[in-house]
Every structure is written in structure tokens, then in C-alpha cells.
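Biologist: I have not looked at this one before. Can you take me through it piece by piece?

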Amino acid sequence: MRKLTYAIPMVVMLLWSSIAAAQGILKGTVTSESGEPLANASIVVSGNKGGTSTDTSGSYRLSLAAGTYKIFISSVGFNPYSMNVKIDNNTITKDVVLQFAVADLSEVVVAVGSRASQRTFTTTPLPVDNINAAELASSGQLSFDKALQLRVPSFNTVNTPVNDATSLLDPYEIRNMGPSRTLILINGKRKNPSSLVYIQTSPGRGETGADLAAIPTEAIKRVEILRDGASAQYGSDAIAGVMNVILKDRFDYTNFKIASGVTHKGDGFSLLTSLNGGANFGSKGFINYTINFQRENKTNRSGNVDAVGDNNDLSDGTAASLQQVEAFLARFPDAKNISGTPTSTAAKFLVNAGLPVSENTTFYANAAYVYKKVQSFANYRTPYWKQDYGLLHAAGSEYVGYGPTFEGDLNDYNATVGFKTTKSGWTHDISFTTGGNKQLYTVENTVNHSLGSKSPIRFKPGGYAFNHVVGNIDITKEVTDKLSIGFGSEFRSENFQIFAGDTASYTGEGANSFPGVNEVNAIKVNRFNIGGYFDVNYDISKVFLVNGTVREEYYSDFGSTFVWKLSGRAKVSDKLTLRSSISTGFRAPSLHQINLQIAQQSFVPGQGIQTKGIVSNKSPQAHLLGVPALNPEKSTNFTAGFGFNPTKNFSITVDYYHIEIKDRIILSSNITNTAAGNTELDEVLRNNGIVGVSFFTNAIRTQTEGIDVVANYKNIAVGNSGKLTINLAGNYTISNRLEGNITNPKLIGDAGQSTLDVIQEALLTTSRPKYKVVLGGDLFLSKWNFALNNTLYGPTTFRNDGLDKNLKLEFQSKVVSDINIAYQFSSRINASIAVNNIFNITPEWKLKALNSNGDAILADPALVKKNVNAITFNGRYSLVTYDGAHFSQLGTTFLATLNFKL
């Protein structure tokens with residue numbers, strides 16, 4: 001018995017020793033096809049038998065029992081790879097090279113890779129920017145649109161100085177074309193535009209665009225920006241180009257992110273938490289979700305206010321009132337004004353899924369929802385400017401004025417479901433998409449002066465809503481190895497609604513700072529359109545490729561339009577590719593532009609009811625002025641360029657573009673009585689009680705041309721293990737100007753007035769940088785990653801409201817430098833610190849003379865001061881004026897980020 005007692009442990013030890021001896025080690029490195037190590041690549045053993053991930057040098061190590069395994073390796077932005085491995089009691093080394101993922105943006109095949117790889121593929125027939133998730137994350141920005149501002153030279157957006165409804169989403173544009181002329185896609189399907197029309201005198205005036213900030217950056221796999229007209233492929237809005245946001249798909253790992261930042265002045269504190277996770281089903285099925293919560297506090301960059309200017313503009317203009325103004329400004333030099341970015345809170349949810357339902361068919365779906373609440377501040381009403389009738393300060397206390405607040409509640413959603421089938425060489429893609437945007441507003445801490453002491457101090461001024469449903473059928477066939485065809489159809493139904501405000505918000509002069517929408521202007525309208533296209537792609541030879549597309553589209557409110565596109569590519573050699581395209585395009589007038597009416601009707605003693613504001617293109621007032629119905633814009637695009645790849649590690653692309661737009665839609669300047677008051681226009685205005693109105697009209701023809709350059713030099717050795725990549729990307733606008741005469745309604749033209757004044761012309765043509773260049777370097781060094789980007793913002797020119805007609809305002813060229821330092825603590829934890837605008841550069845402007853009269857003004861300090869006061873509201877907006885600047889006024893900002901792989 002004792003022998004047996006000793007024998008049992010011995011047997012167990014021998015068995016354990018045998019099992020331990022049968023353990024093996026699988027190790028290796030994972031790199032991209034350009035040789036760059038891939039950190040955080042996922043190594044998964046089939047059958048839930050374990051896994052790991054690579055470290056910052058791309059290395060992995062995995063202990064496995066003896067046996068044969070199937071190993072899956074994946075990384076965001078790369079094609080997944082699998083291999084069969086037999087494990088014994090030895091160490092086995094398996095190095096893996098992942099190939100860049102390939103995405104299809106219509107006829108454009110785009111290769112995207114790691115952060116340090118090329119961004120524009122040199123052999124594509126059309127110019128495409130490729131921005132991956134790592135580039136967006138390293139920008140130091142919390143929102144998608146602001147990250148693009150620092151990564152894509154042809155893309156521009158900036159916070160507007162005068163906020164109210166614009167604080168919900170900032171206008172953006174590609175190639176100085178306005179937000180309405182870039183089509184936004186989510187996984188290749190049309191995203192809904194916002195319900196808001198920008199009406200401030202700032203870039204984007206009179207237009208609307210999609211809410212890019214609603215898309216959580218953490219959900220994005222990559223972004224493809226086609227910098228060419230694509231109306232023939234996608235229909236309306238694709239005049240400047242197409243932005244395709246590709247969502248994360250196959251699940252690699254769950255990532256929890258926390259980020260927090262602040263400006264150098266200690267304001268603008270921000271906090272973000274985000275969770276990205278999911279699951280895989282079989283070898284192709286997946287679900288990937290992102291939850292994002294974000295809070296940003298307000299910033300303030302208001303300047304010191306000029307007492308003389310305020311006395312003349314807001315007070316009595318007397319010596320006695322000047323003393324009152326000076327006393328107030330001695331206590332509050334900025335007049336208690338708040339000029340900066342608003343307080344913003346947002347919750348974002350997004351899911352993307354795909355599931356094979358048969359050997360040939362895949363079901364796919366994605367959905368997103370965002371709720372956003374912002375609070376911005378109107379100009380502070382000083383005690384010498386406005387009274388509060390005792391409603392906004394306690395009885396017996398000193399009255400120091402009041403600051404109206406604007407609150408906006410935004411709901412934005414989009415969803416797509418579809419089936420994609422590949423069989424017998426045919427590919428069928430059938431999908432249904434819906435999306436909408438709704439904004440409701442609240443104004444507080446203000447009064448309606450028409451109601452006096454009976455006024456409420458909180459108002460609901462109304463809001464706007466837009467939604468659409470889209471059905472797509474897309475069919476492709478590779479007829480031969482040289483010829484492929486594609487055809488399809490799209491049906492779209494759109495709805496636009498204006499919500500009336502409460503009665504007190506629009507009675508008389510309305511809520512002070514933001515009058516409400518009168519119930520007579522509330523409206524709900526609908527339209528539909530249907531279109532079809534046919535596409536042919538033909539490889540004439542190994543050198544030449546040609547592509548042609550035609551499209552016909554019908555709109556229920558204005559009729560049909562026909563557009564086409566022809567593009568080609570010539571591979572002169574393995575290193576040099578030439579490319580060019582020519583196309584026609586169109587942009588349908590939006591429902592917003594056709595139906596927006598926010599005219600204010602008020603009683604003026606001795607003059608009766610008077611109308612002012614924006615009137616609908618279909619309104620009686622517009623009819624009286626002879627304003628015609630809106631027609632679609634028509635464009636002609638031409639591009640030509642080359643891609644040159646002389647070595648494995650160096651590439652450059654250069655592309656020229658030329659865009660002409662006829663019948664371009666604008667929001668007109670304010671049409672009022674003439675100085676003489678003796679024209680037929682004056683008579684119509686007087687007889688119909690119109691004080692001054694604006695409206696949408698097809699008034700101008702524009703021509704825009706420029707050059708885009710993207711260069712990349714990678715895999716520069718630094719030390720024993722470091723690798724450096726240098727990127728250079730730039731956009732230069734050769735010209736952006738009006739062509740021909742402005743089309744004015746006869747009544748307005750005969751009176752010597754114009755629907756486009758110099759203020760609006762500057763906003764359209766010169767309010768974005770003349771050139772923008774981004775020079776950056778990315779250094780991978782062991783567990784460290786250093787990224788330095790320098791952005792050169794070229795000059796912008798404004799003709800501000802209130803500025804003398806003999807002067808212009810020009811923002812000077814500036815270089816803004818950003819740095820991001822990241823460290824990989826372990827395979828599961830990494831952290832980064834981003835410092836944007838390291839040297840605290842702020843916009844700087846100068847007044848310049850247009851002629852000798854302008855020279856005389858600039859030589860007179862009193863006249864200079866008068867003009868400066870007019871465009872900065874007596875100094876309140878001294879950094880960026882009332883119209884905005886070419887980059888942010890906030891100065892240096894900091895953002896710290898922690899990522900946990902769960």
C-alpha cells in the first residue's frame with residue numbers, strides 16, 4: 001500500500017512532465033507590406049483556444065499545447081490573414097506580412113494602410129485622399145470634422161465667432177465649394193444633410209451640409225475623399241467630390257478610451273469616454289459597435305471694448321453717456337461678452353454589422369444616432385444698451401445688463417440595411433437607407449422688448465427638421481477580364497419642416513437676440529426623385545484604362561437632368577501613371593433653399609406692418625420682386641494629374657482641377673429701398689410693407705481651379721529600430737472667381753441694386769485659405785511614437801459688413817504646429833498627449849486699401865478706428881472679426897488620451 005501511495009504522485013508528476021514537454025511556443029512579427037511593424041494586431045487561435053496581440057514592435061508570442069491550429073491575424077486597415085500551424089515542443093517562428101485593405105469607391109480602387117503609409121494611391125484613375133483611424137486619433141481633436149481640418153489640405157472648417165444655431169454644427173467645404181457640394185456617404189450610402197441653413201455672414205452662408213461631427217471617430221476604419229466631380233455616379237451634391245466614411249467591421253478587440261483636454265487659458269475643458277467593441281460570427285460575419293459620450297465647456301476670446309464706439313452705437317452718444325459707458329467698461333473691459341466655442345454635450349451610438357446568409361449572399365446593416373445639446377451666448381446687453389424691465393435682476397440690486405443664452409437640441413440619425421449577392425459573375429447590391437436631422441431651440445435670460453414688463457424670459461423660438469429615405473439597386477458584371485459594366489437606380493424621398501416658435505418669441509420684435517419663427521412661416525414639404533446610371537470600365541491594354549458613366553435623374557419639383565463622366569488612366573511605366581477626367585454635374589436646390597422663410601413682420605408706427613428677413617423663393621414677396629423659381633446648378637469638371645512612385649518608399653501625386661458652376665444658388669444680399677427712393681423697386685417695397693428681404697436665387701456663375709499635391713517618403717531608418725515617415729500634402733487655389741454678370745431680377749437690377757454684394761462675393765470666393773499645406777513626420781521608436789505636423793494656412797480676404805467699400809480685410813498666412821507623443825505601456829494599455837498649436841499662434845488680420853481712397857482712410861487713425869470698430873463690434877471680436885478667420889482663435893490646446901484594450 002505504501003508503494004502504491006508513493007507511485008501515484010510519481011505517475012502524476014511524469015504525466016505533468018509529459019504534458020509540459022508537449023507545450024510549444026509560436027512567435028514572430030507582424031508587418032505591413034511596406035515593412036512597417038503593426039502594433040495591436042490581433043492573433044486569434046481558431047476554436048476559442050486563446051490568442052494575443054502584437055506589441056509596438058509588431059512582435060507576438062503565444063504558448064500552445066501540442067497540436068495543429070488555425071491562426072487568424074488581423075489589423076484595422078489590412079486584409080486579414082490565416083495560417084495552419086503544427087505545434088510540438090519546440091519554438092516555431094512565423095512572420096506575417098499583412099496587405100493593405102482594398103476599398104471600392106465607385107470606379108476608384110483605393111489602397112489604404114497604416115498611419116505611416118501612403119495616403120493617395122499613385123495608380124488610381126482619380127485623385128483620392130485616404131485617412132485611416134490612426135491619423136484621425138493623432139490629430140488631437142475630439143470631433144471628426146476638426147480632425148479632417150488638420151489632415152486634408154483641401155478640406156476646411158472652423159468654429160464661427162457668432163454662434164446661435166451654427167454652434168450645433170460648423171460649415172465645412174472641399175476646394176472652396178461650400179458644404180452643399182460635397183456628398184457624404186456612410187459605407188457607400190448617402191448620409192442625410194442637416195436641417196440647418198447657415199444664414200450668418202460667414203463661410204457657407206445660404207447652404208447646408210451633413211453633420212460630420214455626429215460620426216464618432218472611434219467607429220471609423222478609414223475615410224476616402226474623392227477629389228473630383230461624381231454626379232454621374234451618385235447624383236446631386238457631388239460637384240466638389242465625395243467623402244466615403246468606412247466603418248469598422250471585423251471585430252479585433254474591445255477598446256475603452258478616455259480623453260480629456262483644456263486650452264492654454266484654462267477654459268474649454270473637455271472629457272470624452274468611448275467604447276468600441278463587437279463580435280465575429282464565423283469567418284465573415286461580424287457586429288461592431290461604438291458608444292461615445294462627450295462634453296466640452298465654453299471658451300472665451302472676447303476682446304476689450306472701445307468706449308467711444310459703444311457710446312455712439314449703443315448709447316446716447318453724449319458726453320454724459322460716455323462717462324456711463326467708460327465706468328462700466330472700467331469694471332468689465334470686455335463688456336461681459338463671450339466670444340468663443342459653445343458648451344457642448346453629446347451622446348453618440350453607432351453599430352455596423354454583416355452576416356452571410358448563404359454561400360453567395362451577405363446581409364449588411366449599419367445605424368447611428370446622436371443627441372447633442374449646445375449652449376452659446378449672444379452679445380451681452382450692457383445696461384446702457386438694453387433694459388430688462390426688472391425681469392432679469394433682483395429688485396433693489398444693481399442692474400448690470402443681461403446675457404441672452406441660446407440652447408440647441410439636435411437629434412441626428414441614419415441607418416442602412418441591404419443584401420449583396422455575387423453569383424455567376426454578377427454582383428447585386430440592394431439597400432434601403434433612412435436618415436434625419438432635427439433641431440429645436442431655446443432662448444433664455446432675455447426679453448421681448450415689444451412686450452415690456454409682461455415679457456417672459458424664456459422662449460421656444462421653433463426649429464427645423466429634415467429626413468429622407470433612399471432605395472438603391474446597384475448591379476455590376478465583369479464581362480471579360482478587360483470589360484466590366486455597372487448599372488443601377490436610386491429613389492429618394494425628402495421631407496423638410498419648419499417648426500413655429502411660441503407666440504411670445506415672435507410677437508413684435510421677438511425674443512431679443514433670436515426671434516422665433518412666426519406660425520405663418522411654419523411649413524412641411526416633400527419631394528421625391530428617381531435616377532438611373534450606366535457605367536462601363538474597359539482596359540484597352542495593360543497601359544490604358546477608360547471609364548464612362550451616364551446618369552439621368554428626375555425631380556418632382558423641377559424636372560429632369562442628364563450628366564456624364566469620362567475618365568482615363570495611362571500607366572506609362574511601373575513607376576509613372578497619368579490620369580484625367582472630364583464630367584458634367586448638377587446640384588438640385590435643397591428643400592431648405594426652396595422653402596426657408598424666416599421673415600419677421602412687425603408694426604412700425606406710421607408705416608403699418610413691415611416685412612424683413614428671409615422670404616421663401618415661392619413667397620408673395622419674392623413674386624412681387626420678380627424672383628424666379630430655383631433651378632439646379634450645373635457644373636463642368638476637369639482634372640488631370642499624375643502619380644509617380646520612383647522607389648518603393650517614395651511616392652508623389654499632383655492633380656490639377658478646374659470646376660465651372662452655372663446658375664449657382666446664393667442667399668441674396670439684403671434688398672432695401674434705394675437712397676433716392678424714386679425707383680419702381682422703392683414703390684413695390686413701400687406698397688407692400690417690405691423693409692428689407694433676402695431670398696435664394698440662381699444668380700451667379702463661378703470658376704474654381706487649383707492644384708493638389710501629396711508626397712510621401714517612408715521607412716527612413718532611425719537608429720537600430722526606429723522608422724520615420726515624412727508626409728507632405730498641399731492645396732493651392734489658382735483662382736476662385738465670378739464669371740460673367742450677376743443675374744438680377746429686372747426690378748432689382750433696374751434700381752441699381754444687386755443680389756450679390758461685395759460682402760457675399762468675398763465669402764464665396766476668398767474666405768478660405770488661398771493655399772494650405774500640411775508637412776508632417778511620424779517616428780516609430782520602440783514603444784514610442786512621435787508625430788509632428790505643421791500646417792500652413794494661406795491668406796483669406798473678407799469685405800466685412802460695415803467696412804468701407806474702399807478697403808478689404810486680409811488674414812495673414814500663418815504656420816500652426818501640432819505634436820502627438822504616444823507610448824505603449826503594454827499590449828493592452830497605451831497613452832498619448834497631443835499639443836495643438838504649440839507656439840500659440842492666433843489669427844492676425846490687416847486692413848488693405850483697394851484704391852487711393854482706401855489709402856487715405858488708412859492714413860487717418862480716426863477713420864481706421866471707425867472701420868475696425870465696425871467689423872469687430874467695437875472690439876468684441878478683435879481676433880477674428882464678425883465673419884470668422886481661416887483657423888481657430890483658441891491658441892494652444894492640450895489633449896491627453898488613454899486606451900485600454902479589454
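**Salt bridges and strands**

Modeller: A search of the whole structure finds 37 salt bridges, a salt bridge being a side-chain nitrogen of Lys or Arg within 4 Å of a carboxyl oxygen of Asp or Glu. This is a predicted model: local features need pLDDT of at least 70, side-chain atom pairs count only at pLDDT 80 or more, and totals for chains, interfaces and linings use all residues. Residues are numbered from 1 along each chain as its sequence is written, and side-chain values use heavy atoms, with hydrogens and water left out.

Biologist: Which residue does Arg-768 meet in a salt bridge?

Modeller: The partner of Arg-768 is Glu-173, at 2.6 Å from N to O. Arg-768 lies in the loop between helix H12 (758-765) and S39, and Glu-173 in strand S13 (residues 172-174), so the pair ties together parts that are 595 residues apart in sequence. Helices (H or I, at least four residues) and strands (E, at least two) are DSSP runs, numbered from the N terminus.

Biologist: Are Arg-768 and Glu-173 buried or exposed?

Modeller: Both Arg-768 and Glu-173 are buried. Buried means under 20% relative accessible area, exposed over 50%, and partly exposed in between, with a 1.4 Å probe and protein chains only.

Biologist: What does Asn-156 touch?

Modeller: Not counting residues up to four places away in sequence, Asn-156 touches Gln-149, Pro-171, Tyr-172, Glu-173, Arg-768, Pro-769 and Lys-772. A contact here is heavy atoms within 4.5 Å. Asn-156 lies in strand S12 (residues 155-157) and counts as buried because its relative accessibility is 6%. Asn-156 and Glu-173 are 17 residues apart in sequence, and their C-alpha atoms are 5.5 Å apart.

Biologist: Which backbone oxygen does the side chain of Lys-772 reach at 2.7 Å?

Modeller: The one of Phe-155. The backbone oxygen of Gln-149 also lies 2.6 Å from a polar atom of the Lys-772 side chain.

Biologist: Changing topic, what is the strand order in the open sheet of three strands?

Modeller: The order is S41-S42-S45, with antiparallel pairing. Strand S41 (796-798) and strand S45 (845-849) are the edge strands, and each pairs on one side only. Two strands pair if DSSP finds at least two bridges between them. Strand S42 (residues 807-811) and S45 pair over five bridges, and Lys-808 stands opposite Lys-848 in S45.

Biologist: Which side chain does Lys-848 meet in a salt bridge?

Modeller: Glu-810, at 3.0 Å from N to O. Lys-848 is in strand S45 and Glu-810 in strand S42, 38 residues apart. Lys-848 is partly exposed, with a relative accessible area of 31%, whereas Glu-810 counts as buried at 14%.

Biologist: And what about S29 and S30, how many residues lie between them?

Modeller: Four, and the two strands form a hairpin. Strand S29 (residues 559-571) and strand S30 (residues 576-587) run antiparallel and are joined by seven bridges. Leu-566 stands opposite Ile-582 in S30. S30 is also joined to strand S33 (residues 633-647) by 12 bridges, again antiparallel.

Terms used
A polar contact is a pair of N or O atoms within 3.5 Å; within protein, one must be able to donate a hydrogen and the other to accept it, and residues adjacent in sequence count only if both atoms are side-chain atoms.
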